Amino acid sequence: MTLSLEQLRRCAVAVDLGAARTRIYLKRVGLIVDEPTVAAVNTRTGGLIAVGSFAERMTGRTPGHIMVVRPVSGGAVVDIAMAQRMLRQFVGDKVRRAWRRKPLLRAAVCTPHDANPLAQRAAVETLTGLGAKRVELVDTLVAAAVGCGLPVERPEATMIMVCGATTTQVAVLSLGAIVAAEKVPVGGDTVDHAVVQHLRNEHELMLASQAVRPLHLVMSGGAGTVEAPEVHGRDVATGLARSVRVNPDGVRAAMHTPLTAITDSIGAVLRRCPPDLVADLADRGIMLAGGSALLPGLDSILRRATGMPVQVAEQPDVCAVMGLGAMLDGNVQPFDLGPLAT
Ligand SMILES: Nc1ncnc2c1ncn2[C@@H]1O[C@H](COP(=O)(O)OP(=O)(O)OP(=O)(O)O)[C@@H](O)[C@H]1O
Ligand SMILES: [Mg+2]
C-alpha cells in the first residue's frame with residue numbers, strides 16, 4: 001500500500017519505539033516523551049511499579065519480586081500488553097483524555113527497514129490498544145533522513161545510517177524512496193556487551209553494561225594514545241568488589257569486532273546502487289544518526305573504513321521521531337513516500 005505525506009499530515013502523534021528508548025512527538029507541540037523503553041513490575045501483584053528512567057535505574061538492583069522488563073527488542077514490540085501499559089504511563093492522563101475525545105485518532109510509527117509482517121502487526125496493535133483508529137507505518141530510514149535535514153526529495157543520492165541500540169540500518173535514498181538498504185543486528189548495546197565479555201574473559205571481572213560508557217573513550221584515540229582506564233566491578237570467582245586498570249588496546253579490539261558488521265553494511269548497500277548515485281555520495285558522504293552515533297570515534301572509524309565523508313547529525317538520537325514529526329506538521333518539501341506496507 002502506498003502512503004502519502006497527505007495521509008501522514010492527518011496523524012496526531014508520531015511514535016518511535018526503540019529497544020533502548022521510546023520517543024513520542026505530538027503534532028504541533030513537539031517531542032513530549034524521550035524515555036528508556038523499560039518497565040518495572042511487581043511479579044506478586046502484576047502491578048506496574050515504574051517506567052522509563054526510574055525503572056531503568058532499578059536494573060540489577062531489584063529484590064526478587066520486582067522484575068525489570070524491556071518490551072521492545074530488535075526493533076519489534078515483543079510484549080504488546082506491557083508496551084501499552086508503559087506508553088499509557090508516558091503520555092499521562094491529560095493527553096490520554098484528549099485522545100479519547102478524538103473520534104478518529106491517527107498515529108504514525110517508525111518501523112525498522114524491512115520489518116516482517118509480525119513486527120508490523122505488533123506495532124499497529126500496540127498503538128490501536130492506546131486508542132488509535134488508524135496507524136501509519138513509516139520506514140525509520142526515511143524518517144531519520146528527513147529528521148537530519150537531508151534533501152530526500154531531490155533526484156540525487158543521500159546516504160543515511162541509523163545506528164541504534166540493537167540494530168543498525170543503512171540506506172541510499174533518492175527522490176524520497178529507498179534505492180538500496182541493509183539492516184544488521186548490531187548497535188551500541190552490542191558494542192557494550194562485547195566489552196563486558198572482554199572484561200570477563202581477560203580480567204575475570206563482571207560489569208553491568210551501563211558501566212561501560214566511560215570505556216567508550218578508548219575508541220576515539222589511536223593505539224597507545226589513551227591512558228589505561230580503571231574500572232570497578234565484581235570478581236567472577238570471589239564475588240568481591242575489585243578494580244582493575246584495563247589495556248585500552250584490548251578494549252578497542254573488542255569493540256571493533258561488532259563494528260566490522262556496521263562498516264561492512266555500507267559496502268553491501270553501495271554495491272547494489274547504480275554508479276551515478278554512488279558518484280553523488282563520494283562528495284556528500286554518509287549522515288550518521290541514532291543514539292549510537294554518539295559513540296566517540298565511530299564517525300572516524302567509518303571515515304577510515306569507507307574513505308567517504310561522514311557527518312554526525314545534529315541530534316542523532318531523536319532524528320527519526322523528529323523527521324516523522326516534521327512530516328506530521330507539514331514542514332517538509334513534498335516527495336513521494338513510495339510503497340509502504342500498512
Ligand atoms: N552519549 C552516548 N555515548 C555512547 N553511546 C550512546 C550515547 N547515547 C546513547 N548511546 C547508545 O545509543 C544506543 C541507543 O540509541 P537509540 O536511542 O537510537 O536506540 P533505539 O532507537 O532505542 O534502538 P533500536 O533503534 O536499535 O531499536 C544505546 O546503545 C546507547 O548505549
Ligand atoms: Mg531506533
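In α6, the residues T190, V191, A194, V195, H198 and E202 meet G250, V251, A254, M255, T257, P258 and L259 of α8, where contact means C-beta atoms, placed from the backbone, within 7 Å. Sorted by class, this contact of α6 with α8 holds eight nonpolar, four polar and one charged residues; here Ala, Val, Leu, Ile, Met, Phe, Trp, Tyr, Cys and Pro count as nonpolar, Asp, Glu, Lys and Arg as charged, and the others, Gly among them, as polar.

Before going on, note that this is a predicted model, with local features needing pLDDT of at least 70 and side-chain atom pairs counting only at pLDDT 80 or more, while totals for chains, interfaces and linings use all residues. Residues are numbered from 1 along each chain as its sequence is written, and chains are lettered from A and ligands numbered from 1 in the order in which they are written.

Back to that helix pair. Helix α6 spans residues 188-203 and helix α8 residues 248-271, and they pack at about 140 degrees with axes 8 Å apart. Helices are DSSP runs (H or I, at least four residues), numbered from the N terminus; axes are lines fitted to C-alpha atoms over the stretch in contact, and angles run from 0 to 180 degrees between N-to-C directions. That angle makes α6 oblique to α8, given that under 35 degrees is roughly parallel, over 145 roughly antiparallel, 65 to 115 roughly perpendicular and the rest oblique.

Next, take helix α3 (residues 80-101) and helix α4 (residues 117-128), which pack at about 40 degrees with their axes 9 Å apart. These two are therefore oblique to each other as well. On the α3 side the contact uses I80, A83 and Q84, and on the α4 side A122, E125 and T126. That gives three nonpolar, two polar and one charged residues in the contact of α3 with α4.

Then there's helix α5 (residues 140-147) with helix α11 (residues 319-329): their axes come within 6 Å and cross at roughly 80 degrees. So α5 is roughly perpendicular to α11. The contact of α5 with α11 has 10 nonpolar, three polar and no charged residues.

Now zoom out to the domains, whose bounds come from an automatic or database domain assignment. The chain gets domain 1 (5-144 + 320-329), domain 2 (154-186 + 255-317) and domain 3 (194-211 + 220-248). Between domain 2 and domain 3, the C-alpha centres are 30 Å apart.

And ligand 1? It lies between domain 1 and domain 2, because both give residues to its shell. There are 20 residues around ligand 1, of which G18, A20, G164, G188 and G291 come nearest; a residue is near if its C-beta atom, placed from the backbone, lies within 6 Å. The shell divides into five nonpolar, 11 polar and four charged residues.

Definitions and conventions:
Contact = placed C-beta atoms within 7 Å.
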